[in-house]
Amino acid sequence: MKLKKQVTVCGAAIFCVAVFSLYLMLDRVQHDPARHQNGGNFPRSQISVLQNRIEQLEQLLEENHEIISHIKDSVLELTANAEGPHALLPYHTANGSWVVPPEPRPSFFSVSPQDCQFALGGRGQKPELQMLTVSEELPFDNVEGGVWRQGFDISYSPHDWDAEDLQVFVVPHSHNDPGWIKTFDKYYTEQTQHILNSMVSKLQEDSRWRFLWAEVSFFAKWWDNINAQKRAAVRRLVGNGQLEIATGGWVMPDEANSHYFALIDQLIEGHQWLERNLGVTPRSGWAVDPFGHSSTMPYLLRRANLTSMLIQRVHYAIKKHFAATHSLEFMWRQTWDSDSSTDIFCHMMPFYSYDVPHTCGPDPKICCQFDFKRLPGGRINCPWKVPPRAITDTNVAERAALLLDQYRKKSRLFRSNVLLVPLGDDFRYDKPQEWDAQFFSYQRLFDFLNSKPDLHVQAQFGTLSDYFDALYKKTGVEPGARPPGFPVLSGDFFSYADREDHYWTGYYTSRPFYKNLDRVLEAHLRGAEILYSLAVAHARRSGLAAQYPLSDFTLLTDARRTLGLFQHHDAITGTAKEAVVVDYGVRLLRSLVSLKQVIINAAHYLVLGDKGTYHFDSGAPFLQVDDTRSSHDALPERTVIQLDASPRFVVLFNPLEQERLSVVSLLVNSPRVRVLSEDGQPLAVQISAHWSSATNMVPNVYQDARHSLRPHLLCPKVSVPLRLPALGLGVLQLQQGLDTHHTLPSSMRIYLHGQRLSVSRHEAFPIRVIDSGASDFALSNRYMQVWFSGLTGLLKSVQRVDEEQEQRIDVELFIYGTRASKDKSGAYLFLPDDQAKPYIPKNPPVLRVTEGPFFSEVVTYYEHVHQMVRLYNLPGVEGLSLDVSFLVDIRDYVNKELALRIHTDIDSQGTFFTDLNGFQVQPRRYLKKLPLQANFYPMPVMAYIQDTQRRLTLHTAQALGVSSLGNGQLEVILDRRLMQDDNRGLGQGLKDNKRTWNHFRLLLERRTVGSEVQDSHSTSYPSLLSHLTSMYLNTPVFTLPVTQMPSPGPSLRAFLPLASSLPCDFHLLNLRMFQAEEDNLPSADTALILHRKGFDCGLEAKNLGFNCTTSQGKVALGSLFHGLDVVFLQPTSLTLLYPLASPSNSTDLYVDPMEIATFRLRLG
């Protein structure tokens, strides 16, 4: 009966397709422009045109007949294989293009109108300070300001404090970079451990003394090396408020290049460590050194239950403006927030630096005299040539008056009579003598000031939270609430300049190899966390936890800390010494290898059909890794699957919370290969050559069963489209042998452009070699036709199949030089000599064009860059955008930067959009009043331009610097090689460049009729398709070959952890197990972190070819996990330190748009 129904349905489908095809033919003839021009009359001279039209109609009938015959074949195959699904086979049309028949099941795109309201905005009051408006209105004129060179003269009356004393909190601190000039370990050994050891002994000498610390990575290493007595002393110091741990992250992260997954993860790692070891929960944020500030950080800190924060590196012109308008302290609010729930109180330090000369007041010459480490005879002195003087009974009155004058002047910049004065610098307080010099000197000054009531000042040591608490008390509000009259601000603080036109926009791209490796590690960590959590939960439920390698939790912990360490503002930024970069790289690679092991072990358990057969053997892993790296600075090499008489199995892991249709490519050692589904059904595959250079295929040398070498065999690539379950595992079977019906070859042609090069050939892959020729050519799929320049091989335009007009998307390469003057570009700064100049190669490029049923690609080989543009011929996310990669190698450049520029016809009018940390999108304006380098911004995951009709989004798999320097343009800096230091303390240029892959997706979207582009000053959101495109790019499928073993091996079965995909505006950010109390094993609880994304419904969502539904923010968690029950569920703060509600019996969740929600979850 079921079979009859299938045949009936398919027969109906044939009839519908036939009728529809004939309708299309008639439509095409009817709308022929040549015919309309002649008004329907055909004179004798036009008979030949009519004959042509008849021939075209015959060809269309032939194609229609071809379609129907293919569907007939498919129906016959369905009938023959009624027990299991069978893919419809791609076929060639008469014009040579490939057609992949539609899948039997329809796709659906269901978004409720309520979910579209969020992106329209318009709720709540607008903040007084919107940073985009501030930047547009500020003159950025850099007028000389006197002793405060970037500010202005500050005056006051001694009677200003008659009614209310000035309350001064001096906050001793030591900024410890976890790697910069020295490696993390070397800093710890030579400086940091001494700072912390001195801190314990010195703070116990006087209960009035205070100290502030931020970097938990160093603190945790020190904690592991101290005895119980010292640990108890630390806990006492924290308990009585003498020692404050501010922010509490693993590091003080970079805020430009870091992805929000990693920002949250390092915050959780630090907070969990502090709670477990010190029983402390951080209250205030402290970010004195990141090079510009993202509005993502205040959101994360607020959701972690911090109430206040401090920032320092902000453009000097903005600091001056905020100082003049008493806006240095404000409530920082997210752009989408309508009810102030994201507000956090923020203090912006007013002056040039966080060192002592720039923190006591506006005059660094005077403030330097109160940095008592610089007393004469020491290793450092004051550049202003006036040294500090030891405080004695005879000079204390004069010195205190001088210092108080600075305090008073600084306080005039703020709205309250509570003043914050940081006292520290990089790696300060590493010797007991410095503690004594600073603390005793200041205590004498405080004692004097406090003994003079007529001065109306109370000065003391304090922590950051002491300052904030006093300010809240003075202004009469609860901690974290908005003090009366204080402004509300939204937006971010990029890009940063510390003086003149010295914009810190170079580090958005510096050392892109490691920026890419960071994201590879992040994808592996998230995948490993989720798969490990699921495997442990299932093993515990089945009573097999004793057999499972729970000790992999240690590998996860190490990887969390490695990723966290690399978020440091001198690591992911690319601004450390070369030897330190190597140290980071080795750590990243070590953790990457460990995470592959965790994924393999979890996948092994979960994919077994019979869990009773599970046996873990660390010496003989069940699965192989998908790729390997020979060193930390090497590109990955794909694992080649050796085929022999026995079938080979491959396990595929989809780390997305959505079901996914993707092309998965595998390298095998023979072009004679068949690919079968889990249940043995043959699958259609595309087979293509794997190339080592423009004209050489990769030969394969391997040992067969007789151990003899067999050279000159090819190592081809097998590409198969697969639908993989959400967060699940699929299984493929590979067999040696030929299946001409299902193994579909790729056609290849190579354009040599007059170069005399030999091209390797193989009978399995016919190649057409074209010595010269420059006509443009196109690739196409079901959605679009993509045109390339025959001369350059670069992208020229895209035409959607349902539009007549081509859309210009013209790609060019450019070169920036650096200035001839003393100030040149370096690791931090971008100081170009002029406008970029076109990249001019020595030789014309070699182009290689591959066309096949599931993907087609153009690879263009230049001397310094190889471009690959791939077009997938699949429905859904993969087929709707262009996959674009650049392999960049500029190791022979001297003071040059390579840029990618995309020209379009989009009327962007100087507005473009960049993401912040992959979490939110920030509108930008090209400001002509600023130098070119000031208009670059960080791009961790995407940038786009738009007009009333279109949006072009460039998605990226690694953080890079981006701008839009002209109408309809996007520009990205791909790599930079600079021979000198830029005088920001590094002492080196950027000369350790690597061969680096930069991976992008280009997505062109059309606005729906009637949807308005929102005001550019408000926030902006990607579409759901754009969000998913970014996820596909950043979370690729893991391919894990099963190790060769004698037949029959254990039965493998696909693993479907979720009963259904999550709503498509939800992202499962992490499923992260807690550490058990007593050891390094996992506890019963897991952190579930969900992010509901904001999205723009105004971009067309017809015929997208993928399933997507939204649910107004609701998720039924109780029925989400297959084979597991939700035993315990409790909403918590972001880092799980604070429960937000009692554990609930209900497992139905609700999350507002843009919010990140964290839960303590127990699965059983």
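These are my notebook entries on a few places I looked up in this predicted model.

**Entry 1: two helices side by side**

I started with helix α16, residues 512-541, and helix α18, residues 578-607. Their axes lie 8 Å apart and meet at an angle of about 30 degrees. Angles under 35 degrees count as roughly parallel, so I can call α16 and α18 roughly parallel to each other. I also noted the hand of the crossing, which is left-handed. What classes of residue make up the contact of α16 with α18? I found 21 nonpolar, five polar and one charged residues there.

**Entry 2: an annotated span**

Next I checked the UniProt record. An unreviewed entry there places "domain: Glycoside hydrolase family 38 central" at residues 502-588. In the model, that span is 64% helix and 0% strand.

**Entry 3: a sheet of six strands**

I then traced an open sheet of six strands with mixed pairing. I read the strand order as β4-β14-β10-β11-β9-β8. Which strands stand at the edges? They are β4 (129-130) and β8 (284-287). Each has a single partner strand, so one side of each is left without a neighbour in the sheet.

I stayed with β11, residues 344-348, for a while. It runs parallel to β9 (residues 308-311), and four bridges join the two. With β10 (residues 329-332), β11 pairs in the antiparallel sense, again over four bridges.

Is β11 mostly covered or mostly open? It is mostly covered, with five of its five residues buried. I checked both faces: Ile 344, Cys 346 and Met 348 are buried on one side, and Phe 345 and His 347 are buried on the other.

**Entry 4: a covered helix**

Helix α19, residues 1024-1034, was my next stop. Here 11 of its 11 residues are buried. Among them are Leu 1024, Leu 1028 and Met 1031, along with Ser 1026, His 1027 and Asn 1034.

**Entry 5: a loop proline**

I moved to Pro 106, in the loop between β2 (98-99) and β3 (109-110). Is Pro 106 buried or exposed? The cut-off for exposed is over 50% relative accessible area, and Pro 106 has 68% relative accessibility, so it counts as exposed. I also looked at Pro 106 with Gly 1105, which is 999 residues away along the chain. Their C-alpha atoms are separated by 8.0 Å.

The peptide bond from Phe 494 to Ser 495 is cis, and its omega is near 0 degrees. Ser 495 sits in the loop between β14 (488-490) and α16.

Asn 983 has a positive phi, near 60 degrees. I found Asn 983 in the loop between β45 (969-977) and β46 (996-1006).

Leu 1136 is not a glycine either, and its phi is positive at about 70 degrees. Leu 1136 belongs to the loop between β52 (1126-1132) and β53 (1148-1150). Why does Leu 1136 count as buried? Buried means under 20% relative accessible area, and Leu 1136 has 3%, so it counts as buried.

Notes: Residues numbered from 1 in each chain as written. Predicted model: local features only at pLDDT ≥ 70, side-chain atom pairs only at ≥ 80, totals over all residues. Heavy atoms only, no water. Axes fitted to C-alpha atoms, helices over the stretch in contact; angles between N-to-C directions. Parallel < 35°, antiparallel > 145°, perpendicular 65-115°, else oblique. Left-handed = near helix turned anticlockwise from the far one by under 90°. Nonpolar A, V, L, I, M, F, W, Y, C, P; charged D, E, K, R; others polar. UniProt positions renumbered as here; feature names shortened; annotations may be inferred. Buried < 20%, exposed > 50% of the residue type's maximum accessible area, 1.4 Å probe, protein only. Pairing = 2+ DSSP bridges.
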